[in-house]
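Here are my notes on the model, point by point. Please read them with the structure open.

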Amino acid sequence: MGHCAIVGINWGDEGKGRMVDLLTKDYDVVVRYQGGGNAGHTVINEYGKFALHLLPSGIFRKGVVNILGNGVALDPENLWKEMQDVMKKGVELTPDNLKISDRASLLLPWHRDLDELEESRLKDKKYGSTKQGIAPFYSDKYQKKTLRLGELFYPETLKRHLAELLEWKNLTLTKVYGAEPYTMEQLEHWMEDYCEKIKPYIFDTSLFLRNAQNDGKKILFEAQLGSLRDLDYGIYPYTTSSNTTAAYAPIGSGLPGAVITDVIGVVKAYSTCVGEGPFVGELFGEEADALREAGFEYGAKTGRPRRVAPLDLVATRYGVEVQAATSIALTKLDVLSYMEKIPVCTHYLVDGKKTDRFPFPAALQQAQAVIEYLPGWKCDISKVRTWEELPKEAKDYVEFTEQAIGCHIGFVSVGPERDSIIYR
Ligand code: GDP
């Protein structure tokens, strides 16, 4: 096995954290390469239950080096709090097992403010942001209007750069939104409170990764969210502001020459989506409540109830293609155990025509789900650990999905715990 990326195939929340936590046993390095503290990767292991927002999900494995790559939105305030929470539960975090790229850009306090201000301005047209400042952060990064972590080691340059950014950003805050301006003093306090604390963890992680690769170490790339939230390939503008695809992993991690041989796409056995935007086949009423409760579908970061739907095979096939997935982990199959018959969305009706191709996002508002039903298995499968032991109906469901999405399902997850997995 060469390097591997673990990515989401759908709208996020597929169970990537759980898969990274499981598979890190075979890897030396885990890198988060995009996104920010708006993630909520749930991991349950011997240390307890965690919703990791920015920390890579390999942080619990002794001997694994975890890296926050240059592509992430590095929010030092949230990161420091998260590090404290994890350390309190007995997990050791040192500059040996956690390294932050000196080329990662800083999410500054005004990014969160601007996220909030813009969502309020949009009122009922809001994007459904988690208000963690991610969109304003990435806009500024690509405008070259934020700081990079490595600048912390050059205090004079840093001060000058910060003063320039402050002058510029206060124009937007005060003149566009009528908000309070920031002062240099406030920012310096914030820097002191958070950036100084994470400074010992900042390294040239690109160099580290190149050396690791040359030494034959195995690297796992961990994505946030899923294909349909990818800035370029997702349901724009209801996407995130970075690329969630495996193809971005080499760039966002700091190892541009990385050759990724295994792309494990995580798919949930039914569909969920948080926030705004089109969601074909969405369930409402009692049917939705039953599925939401069975799968405990509430946001790991925000606690928001997730929107639920039957497994969307059209979107999933597209997600598999966009990720160029080589294998699929199908999670939460156990959640469907209560259903007599299981709905799946096999096609869309777009402009009266049946299609199995995922359309341009603007066409999604009108798209209707074509639903088929597969027989349920109506028994607890959460203790099953081998493919042979699964009831026939559950195997049929997995095989039907595999056929429809065009990718081998190599893992079937039947519970949130590390060992609730069937290798196939
Ligand atoms: P991520 O952001 O992709 O890591 O996914 P989340 O952590 O937001 O959501 C996945 C949720 O499903 C978490 O609460 C996991 O503990 C849980 N989970 C993952 N796999 C399984 C599974 O196979 N069965 C059940 N019942 N829960 C699972």
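1. Start with T42. An N or O atom in the T42 side chain is 2.6 Å from an oxygen atom of the ligand. That makes a polar contact, defined as a pair of N or O atoms within 3.5 Å; within protein, one must be able to donate a hydrogen and the other to accept it, and residues adjacent in sequence count only if both atoms are side-chain atoms. R306 also uses its side chain: one of its N or O atoms is 3.2 Å from a ligand oxygen. E14 uses its backbone instead, with an N or O atom 3.1 Å from an oxygen atom of the ligand. On its own the ligand has 590 Å² of accessible area, and the protein covers 91% of it. Accessible areas come from the Shrake-Rupley method with a 1.4 Å probe; for residues, only the protein chains shown count as cover.

2. A word on the basis. This is a predicted model, in which local features need pLDDT of at least 70 and side-chain atom pairs count only at pLDDT 80 or more, while totals for chains, interfaces and linings use all residues. Residues are numbered from 1 along each chain as its sequence is written, and side-chain values use heavy atoms, with hydrogens and water left out.

3. Now the ligand shell. It holds 18 residues, and K16, G17, T42, D334 and S413 are the closest. A residue counts as near if one of its heavy atoms lies within 4 Å of the molecule. Both α1 (16-23) and β3 (41-45) supply at least two shell residues. The top contributor is α1, with three. Helices (H or I, at least four residues) and strands (E, at least two) are DSSP runs, numbered from the N terminus.

4. What classes of residue make up the shell around the ligand? Seven are charged, eight polar and three nonpolar. Here Asp, Glu, Lys and Arg count as charged; Ala, Val, Leu, Ile, Met, Phe, Trp, Tyr, Cys and Pro as nonpolar; the others, Gly among them, as polar.

5. Why does the ligand lie between two domains? Domain 1 (3-102 + 200-265) and domain 3 (266-423) both give residues to its shell, so it lies between them. The bounds come from an automatic or database domain assignment.

6. The largest nonpolar core has 54 residues; F221, I328, L333, L336 and Y397 have the most contacts inside it. Helix α11 (residues 392-405) gives the most to this core, with five residues. Domain 1 and domain 3 both give residues to this core, so it too lies between them. A nonpolar core is a set of buried Ala, Val, Leu, Ile, Met, Phe, Trp, Tyr and Cys residues joined through side-chain atoms within 4.5 Å. Buried means under 20% relative accessible area, exposed over 50%, partly exposed in between (1.4 Å probe, protein chains only).

7. Check H41 in strand β3. At 5% relative accessibility, H41 is buried. Its side chain makes a 2.7 Å polar contact with that of E222.

8. Two backbone points deserve a look. The Y236 to P237 peptide bond is cis, with omega near 5 degrees. P237 is in the loop between β10 (219-226) and α8 (249-253). A324 is not a glycine, yet has a positive phi of about 50 degrees. A324 sits in the loop between α10 (313-323) and β15 (327-331), and is exposed at 52% relative accessibility.
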